[in-house]
Amino acid sequence: QVQLVETGGGLVQPGGSLELSCAASGTIFRIISMGWYRQAPGKERELVADTNAGGATNIADSVKGRFTISKNNAMNTVYLQMNTVKPEDTAVYYCHALLYQTHYGPHGEYWGQGTQVTVSS
């Protein structure tokens, strides 16, 4: 079993900053990628940012220049630093991981339970 535990959501004022973290635990052989998606009310879930084992990152245009993704490989943890947040960043943010639990099996896809981020004055 694999668990993704997110922390750091909450209420933040426009222009403020917030950091999300997600720690993966359980039986993990190798992580392929970890990242963040978000889903606002009435909208589809969308990619915010992700990073792969080699350190390459993929950032959505809507947050480029404001959000940064980083990771701690030793801790199987990924972070999302959110700066200059806007009301349209309000959403439930989900941690996502692609990983191998064993050296011989297929990789699996895992999701966290989600953390609410609300940008409002």
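Buried means under 20% relative accessible area, exposed means over 50%, and partly exposed is in between (1.4 Å probe, protein chains only). By that scale, Thr84 is partly exposed, with a relative accessible area of 45%. This is a predicted model, in which local features need pLDDT of at least 70 and side-chain atom pairs count only at pLDDT 80 or more, while totals for chains, interfaces and linings use all residues. Residues are numbered from 1 along each chain as its sequence is written, and side-chain values use heavy atoms, leaving out hydrogens and water.

- Leaving aside residues up to four places away in sequence, Leu4 touches several residues, including Cys22, Met34, Cys95 and Trp111; contact means heavy atoms within 4.5 Å.

**The aromatic pair**

- A search of the whole structure finds one aromatic pair; rings of Phe, Tyr and Trp (its six-membered ring) pair if their centres lie within 6.5 Å, and planes under 30 degrees apart count as stacked, over 60 as edge-to-face and the rest as tilted.
- Tyr37 and Trp111 form this edge-to-face pair, at 5.0 Å centre to centre with 70° between the planes.
- Tyr37 lies in strand E4 and Trp111 in strand E10 (residues 108-111), so the pair ties together parts that are 74 residues apart in sequence.
- Trp111 is partly exposed, with a relative accessible area of 35%.

**Two residues with positive phi**

- Most residues other than glycine have a negative phi.
- Asn76 has a positive phi of about 50° although it is not a glycine, and is found in the loop between E7 and E8.
- Asn76 is partly exposed, with a relative accessible area of 24%.
- Thr84, found in the loop between E8 and E9, has a positive phi of about 45° and is not a glycine either.

Methods
Helix = DSSP H or I, 4+ residues; strand = E, 2+ residues; numbered from the N terminus.
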